[in-house]
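Please consider the model shown below. The numbered points that follow are intended as a guide to reading it.

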Amino acid sequence: MEKLAIHGGTPVRTKPWVSKYMGSEELGAEEKARVLNVLEKKRIFRYLPDGLETSEASALEEEYKSFLGTKYALAVNSGTSALICALVAAGVGPGHEVIIPAYTWVATAAAVAIVGAVPVLAEVDSSLTLDPQDFAAKITPRTKAVIAVHMRGISAAMDEILAAARQHNIMVIEDVAQANGGTYQGRLLGSLGHVGCFSLQQSKVIAAGEGGMLVTDSEELWQRAVLYHDGAGYQFRFVERKIPAFPGQNYRLTELQAALSLGQLEKMPAILRVTRANKRKLVERLRRQPKIELSPVFGSERDLGVSLIFYVENEAKARQTAQALTAEGIPAFQVYDNQANDQHIYINWEFLLNKRDPWGGHFPWSLAEGSTVEYSADTCPQTLELLGRAVQVHLNHLVTDEDLQDIEAAVNKVAYHLL
Ligand SMILES: Cc1ncc(COP(=O)(O)O)c(C=O)c1O
């Protein structure tokens, strides 16, 4: 076997790796025309006195409803605001606990604290999503909701999560920010729980720069989300407001971003056909390498194929593997690198570990009388252990068969020398 590039050998690959976002790479003439059309119409706000429901934002909501088969959709200005509205819609507030995975973007945890509830951390398993057993173990009489995060394009174990939630009368919010277009047993993610939340930020499968979407089958939850996303919006929007008034924010989506997003759902299946097929091929090949581990979920229906993650024996080997792969021309990183302050991992959520609010106090923890929820670096040891020995390579729909062969060759070369 050739010497490792990190030790002065010839790298497997000298061609630059295609590090591109997906949806934004596909922005083209159609999106340009849609955005220009908004400028020409001079209608940049969704509510105007005439043709209220002919806005771009309404059209985008209709696209999500028909794509997902849900009865209601609400366009918002980010994935974070979608989560906040979903929590408020689900009745989550002070005194409640919400179970979230210890591996997700920090916004999932922040959204819970922002609505005045206490985030409770649960482990992820080797699928990188909520460990259903730990979720069940963390349920208390205060648990009002769970946020099932479909992380890195992998769907959470929805059967087990929904069954436990049903048994304990817990609301299920799906965080689909990283898995738009994913499915679980043939059903589209976002349509399985009580509320589904999407992000349209640039790094997502399809994107408008910023933006979000909330979907649900419940009219009541939808009305609550609409009211919270726009404190006076019901005046313009509802035929009949069926819920009592409460104060709202302004999380409205602009017409320009809505127009930019229109039509992208249609493009998404073609993007995901490529990423899914590539990942299946890659996982099939890498399963032959005995020195790395892959979750059984990887490469299955539950995997969109937007990244490659595999496990090695320990943290030190993961660090060396990532460095060696990068030197071979395949940019790779350790998922939990204790030097990196990555905000996807609970140990770096400083506000949570310190139970700190924006005003120097401890809201909402100070309100949750008798709550025994505590956080420390040791709260989710299984998650840290797994992520510490996990190595990741970003994938996208521009990855070719030659690129897949290079990954395989580089992994085998590094495994031969280092693992
Ligand atoms: C899992 C997860 N949840 C929520 C969010 C928040 O989305 P946004 O950045 O659109 O607010 C993100 C994305 O950044 C995410 O990855």
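1. Which residue is the bridge partner of E174 in β8? The partner is G196. The model is a predicted one, in which local features need pLDDT of at least 70 and side-chain atom pairs count only at pLDDT 80 or more, while totals for chains, interfaces and linings use all residues. Residues are numbered from 1 along each chain as its sequence is written.

2. The sheet. Seven strands form an open sheet with mixed pairing, in the order β1-β9-β8-β5-β4-β2-β3. At its edges are β1 (72-76) and β3 (118-122), each of which pairs on one side only. From one strand to the next, the twist averages 20°. Strands (E, at least two residues) and helices (H or I, at least four residues) are DSSP runs, numbered from the N terminus; two strands pair if DSSP finds at least two bridges between them.

3. Strand β5 and its neighbours. β5 (171-175) pairs with β4 in the parallel sense over five bridges, and A148 stands opposite E174 in β5. With β8, β5 also pairs in the parallel sense, over three bridges. β4, helix α6 (residues 158-167) and β5 make a right-handed β-α-β unit (with the strands pointing away from the viewer, the path from the first strand over the helix to the second runs clockwise).

4. Burial of β5. Why is β5 largely enclosed by the rest of the structure? Five of the five residues of β5 are buried, so the strand is largely enclosed. A residue is buried if 20 or more other C-beta atoms, placed from the backbone, lie within 10 Å of its own. In a regular strand, side chains alternate between the two faces of the sheet. On one side of β5 are M171, I173 and D175, on the other V172 and E174, and both faces are covered.

5. The antiparallel pair. β8 (residues 195-199) and β9 (residues 212-216) pair in the antiparallel sense over five bridges. Here C197 stands opposite L214 in β9.

6. The ligand. The ligand is surrounded by 14 residues, the closest being G79, T80, W105, A177 and S199; a residue is counted if its C-beta atom, placed from the backbone, lies within 6 Å of the molecule. The elements that give two or more residues to this shell are α3 (79-89) and α4.

How values were computed:
Axes fitted to C-alpha atoms, helices over the stretch in contact; angles between N-to-C directions. Contact = placed C-beta atoms within 7 Å. Buried ≥ 20, exposed ≤ 12 C-beta atoms within 10 Å, placed from the backbone.
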